Amino acid sequence: MKRQEFTILESTAVPLPLANIDTDQIIPARFLSATVREGFGEKLFRDWRFDGNGNPIPGFVLNRPEYRGEILITGSNFGCGSSREHAVWAITGHGFRAVVSDSFADIFMNNALNNGLLTVTVSKEFLAQLTELVNSHPTTTVRIDLPEQVISVPSSGLRSGFPVNPFRKECLIKGLDNIDYLLSMKEEILEFEKRRQP
Amino acid sequence: MSGKTLFDKIWDAHAVRSIQGGPDVLYIDRHYIHEVTSPQAFSGLRTRGVSVLRPERTVATADHNIPTVNQHLPVADPVSRSQVETLEENCHAAGITYFGMGDPGNGIVHVTGPERGYTLPGMTIVCGDSHTSTHGAFGTIAFGIGTSEVEMVLATQCLLQARPKQMRINVKGKLREGVTSKDLILYIIASLGAGGATGYFVEYAGEAVRKLSMESRMTVCNMSIEMGARGGLIAPDEVTFNWLAQIPSVSDNPEFSHLIHRWHSLRSDCGAHFGREVTFNAHEIPPMITYGTNPGKGMAIDGVIPSPGKAGPTFPASGHSTGSSYLKSLVYMGFRPGMKLLGHPIDYVFLGSCTNGRIEDLRLFAAAVAGKKRSAGVTALIVPGSQQVARQAEREGLTETLRLAGFEMRQPGCSSCLAMNEDKIPAGKYAVSTSNRNFEGRQGPGARTLLAGPLVAAAAAVTGRITDPRELNWQQ
């Protein structure tokens with residue numbers, strides 16, 4: 001099954017400079033009863049966006065119209081907590097295609113890459129500079145070049161490389177599905193089962 | 001650098017293929033599934049026209065989204081009911097063993113799996129739940145996965161997984177009286193921070209770990225994820241083999257003694273190298289309580305809430321707390337830097353979850369409250385981790401002891417840990433909880449969670465305030 005290819009993304013960005021944003025904030029547990037992958041976008045950060053009466057909480061970045069874009073910029077240890085992939089579906093469902101931080105929780109990063117959501121890991125210093133720039137100038141365009149593994153702000157000199165596992169990179173660029181990859185090696189898996197010590 | 005770690009031995013035995021510059025293809029021995037993270041995976045298989053490759057290696061339970069009372073009735077909320085029914089239908093269609101609500105084998109996935117003998121030393125184990133690390137207590141590589149990966153395992157019994165770095169945590173000495181394995185792991189997480197072990201798989205070792213019972217080991221491994229570790233394991237030993245020998249389906253296996261012989265080799269070699277090693281002294285560990293909104297924000301029960309960015313005396317520089325995130329969390333909790341929690345009134349107590357919902361946890365709680373009464377202002381949720389635990393509690397008289405003290409035993413499920421069902425803590429209320437996460441809103445929007453072990457929970461339940469369990473008179 002093919003998914004959308006990720007090569008170059010140029011977009012404005014949404015800054016959310018908090019550390020340890022956990023998956024319960026990204027998508028509260030009460031929304032996990034759904035049995036489909038769709039519909040989670042509107043529940044993203046639900047309890048930070050809306051109060052108990054359903055009124056938007058002013059000041060929260062997603063309620064501020066000047067901050068829009070396909071890139072989310074966050075603090076350290078983003079996505080810690082649960083393995084719920086619904087957190088990624090909420091982020092992509094809302095329209096984001098990449099998240100930038102200086103560190104991501106392991107399970108979250110795996111889930112993100114399995115859904116074509118790019119996790120861009122940069123240094124603390126670069127993250128601080130990028131956040132400051134986007135915060136003060138919401139119309140700033142950020143450019144993420146996956147083949148080159150570079151994140152930059154074309155209108156300023158700000159630029160940084162970022163790491164990506166080569167296999168994951170190829171899958172993202174070509175829109176390849178991991179399950180198809182594994183299914184293609186089914187014979188080898190069956191052979192492995194036969195060879196094992198019982 | 002010579003010798004392999006236990007992790008290396010298990011991983012190498014399960015790597016089907018190593019992709020150049022990429023992850024390994026890892027074969028999975030045991031796949032646990034539940035109602036919340038599996039439906040989209042099964043739908044995905046149907047869309048692809050692929051069936052479940054190894055239903056016999058897959059075990060299912062309903063735990064996250066079921067009520068803990070009146071389980072003889074259908075699940076009230078239609079969406080939740082549909083989710084549980086979807087799991088049942090999917091399992092039936094695929095020939096997967098399923099323990100539904102009310103079934104004698106039902107319970108929280110990480111409680112029932114081990115107690116039914118589905119978790120064995122040397123296995124690779126996954127589940128769409130981050131506390132899958134629990135099974136590492138048996139000397140397994142066990143970790144949580146997302147729904148897409150659940151689909152991968154259902155389709156091919158394999159996962160694409162990058163080999164993590166390895167850390168060994170050594171715990172010397174012995175835990176003091178009144179201090180539980182929950183306090184031990186909370187102490188470790190407070191020291192390393194919520195992201196302190198990200199990228200690492202942990203091995204817990206040392207004298208104090210060897211002295212832990214299997215259930216205590218499960219509590220420790222369970223919370224590995226809360227410091228960002230991929231998983232955590234403990235090498236199996238006589239304690240492990242004796243525990244497994246009590247399970248008929250395991251000991252009745254004619255290969256059992258042969259398996260034990262093989263399991264003896266499941267340990268790290270003497271010269272094995274770990275990327276990082278950390279050592280703790282068990283006798284320094286006090287009963288713990290958390291004060292913030294991640295599990296790394298813990299302190300001694302009689303401690304003082306630290307100021308932002310300032311190293312506490314016992315837990316230097318844990319968890320990258322920027323001033324604003326940290327202060328925001330204290331405001332949420334209604335706390336201030338410099339405050340002590342001892343004596344602070346609380347509203348709810350939750351004993352349960354895959355962390356502390358087993359028979360030993362119930363025994364500890366019951367022993368601490370025996371002959372006393374639940375404090376009038378405290379609402380308690382006592383939730384056994386499984387039907388088997390509930391039956392055993394009944395047989396041992398624990399259910400009656402609890403009832404006399406004003407605590408009603410509920411029915412098994414994940415309950416208040418993540419409060420997907422009705423067992424929610426109301427906004428602004430303080431809950432001393434033996435579960436594993438104190439994130440904002442985890443136990444209900446606005447709920448204020450203080451994580452603790454079963455003795456701290458028991459002490460709070462009878463006094464109505466944060467109490468050092470060592471100050472309470474009780475018979476161990």
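The radius of gyration is taken over C-alpha atoms, and the rule for a globule is 2.2 Å times the number of residues to the power 0.38. The structure described here is a predicted model.

**Chain A as a whole**

For 198 residues, a compact globule would have a radius of gyration near 16 Å; chain A has 18 Å, which agrees. Taken along the principal axes, the C-alpha atoms of chain A fill a box of roughly 60 × 45 × 25 Å. Eight helices and eight strands are found in this chain. Of the 198 residues in chain A, 43% are buried. Contacts between residues at least 6 apart in sequence can also be examined in chain A, and 69% of these join residues at least 24 apart.

**A pair of strands in chain A**

In a regular strand the side chains alternate between the two faces of the sheet. Strand 2 of chain A covers residues 13-16; Ala13(A) and Pro15(A) point one way from this strand, while Val14(A) and Leu16(A) point the other way. All four of these residues are buried. Strand 2 runs parallel to strand 3 (residues 71-74) of chain A, and four bridges join the two. Within this pairing, Pro15(A) stands opposite Ile73(A) of strand 3.

**The two domains of chain B**

Chain B is divided into two domains, and their centres, taken over C-alpha atoms, are separated by 24 Å.

|---|---|---|

**Gly136 in chain B**

Gly136(B) lies in the loop between strand 6 (124-127) and strand 7 (141-144) of chain B. Is this residue buried or exposed? A residue is buried if 20 or more other C-beta atoms lie within 10 Å of its own. Gly136(B) has 29 other C-beta atoms within 10 Å and is therefore buried. Leaving aside residues up to four places away in sequence, Gly136(B) touches Ala142(B), Cys221(B), Ser224(B), Gly231(B), Gly232(B), Leu233(B) and Ile234(B). Val36(B) is 100 residues from Gly136(B) in sequence, and their C-alpha atoms are 22 Å apart in space.

Technical notes. Residues numbered from 1 in each chain as written. Chains lettered and ligands numbered in written order. Predicted model: local features only at pLDDT ≥ 70, side-chain atom pairs only at ≥ 80, totals over all residues. Buried ≥ 20, exposed ≤ 12 C-beta atoms within 10 Å, placed from the backbone. Pairing = 2+ DSSP bridges. Contact = placed C-beta atoms within 7 Å. Domains from an automatic or database assignment.
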